[in-house]
Amino acid sequence: QVQLVESGGELVQPGGSLRLSCAASGIIFSMYDMGWYRQAPGKQRELVATITRGGSTIYADSAKGRFTISRDVAKNTVYLQMNSLKPEDTAVYYCNAVWRINSNKYNYWGQGTQVTVSS
């Protein structure tokens with residue numbers, strides 16, 4: 001059974017930092033591209049950052065320069081370090097795992113962790 005379990009979300013003041021973690025089980029972690037997405041109330045889910053199994057990263061413009069995605073294959077965990085947080089970063093943050101092989105796509109989501117940026 002595949003599980004992606006996010007943690008680290010909490011209430012933080014503007015300008016603060018958080019590190020989100022996503023622990024994966026039930027998958028061959030090293031084969032998957034991993035990502036963080038977020039969904040604010042009343043808005044669609046949007047990409048925050050992704051990291052391929054080879055370590056290449058992509059960031060949304062809103063995350064560039066403030067957020068860093070990384071992965072620890074030994075721990076089957078992907079992280080999102082978030083600095084200089086803004087109120088507009090408030091959202092539920094979801095972990096995503098994707099593996100594309102031939103014509104098949106294996107796509108999994110976590111349950112999400114709430115990040116609230118407010119004074």
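The following exercises, with worked solutions, concern the predicted model shown above.

Residues are numbered from 1 along each chain as its sequence is written. In this predicted model, local features need pLDDT of at least 70 and side-chain atom pairs count only at pLDDT 80 or more, while totals for chains, interfaces and linings use all residues; side-chain values use heavy atoms, without hydrogens and water.

**Exercise 1.** Determine whether glutamate 46 is buried, partly exposed or exposed, and identify its contacts.

*Solution.*
1. Buried means under 20% relative accessible area, exposed over 50%, and partly exposed in between (1.4 Å probe, protein chains only).
2. Glutamate 46 has 36% relative accessibility, so this residue counts as partly exposed.
3. Contact means heavy atoms within 4.5 Å. Apart from neighbours within four places in sequence, glutamate 46 is in contact with Tyr37 and Arg38.
4. The side chains of glutamate 46 and arginine 38 are joined by a polar contact of 2.7 Å (a pair of N or O atoms within 3.5 Å; within protein, one must be able to donate a hydrogen and the other to accept it, and residues adjacent in sequence count only if both atoms are side-chain atoms).

**Exercise 2.** Describe the two faces of strand E1 and its pairing with E3.

*Solution.*
1. Strands (E, at least two residues) are DSSP runs, numbered from the N terminus.
2. In a regular strand the side chains alternate between the two faces of the sheet.
3. In strand E1 (residues 3–7), Leu4 and Glu6 form the covered face, whereas Gln3, Val5 and Ser7 form the uncovered one.
4. Two strands pair if DSSP finds at least two bridges between them. E1 and E3 run antiparallel and are joined by five bridges.
5. Valine 5 stands opposite alanine 23 in E3.

How values were computed. Helix = DSSP H or I, 4+ residues; strand = E, 2+ residues; numbered from the N terminus.
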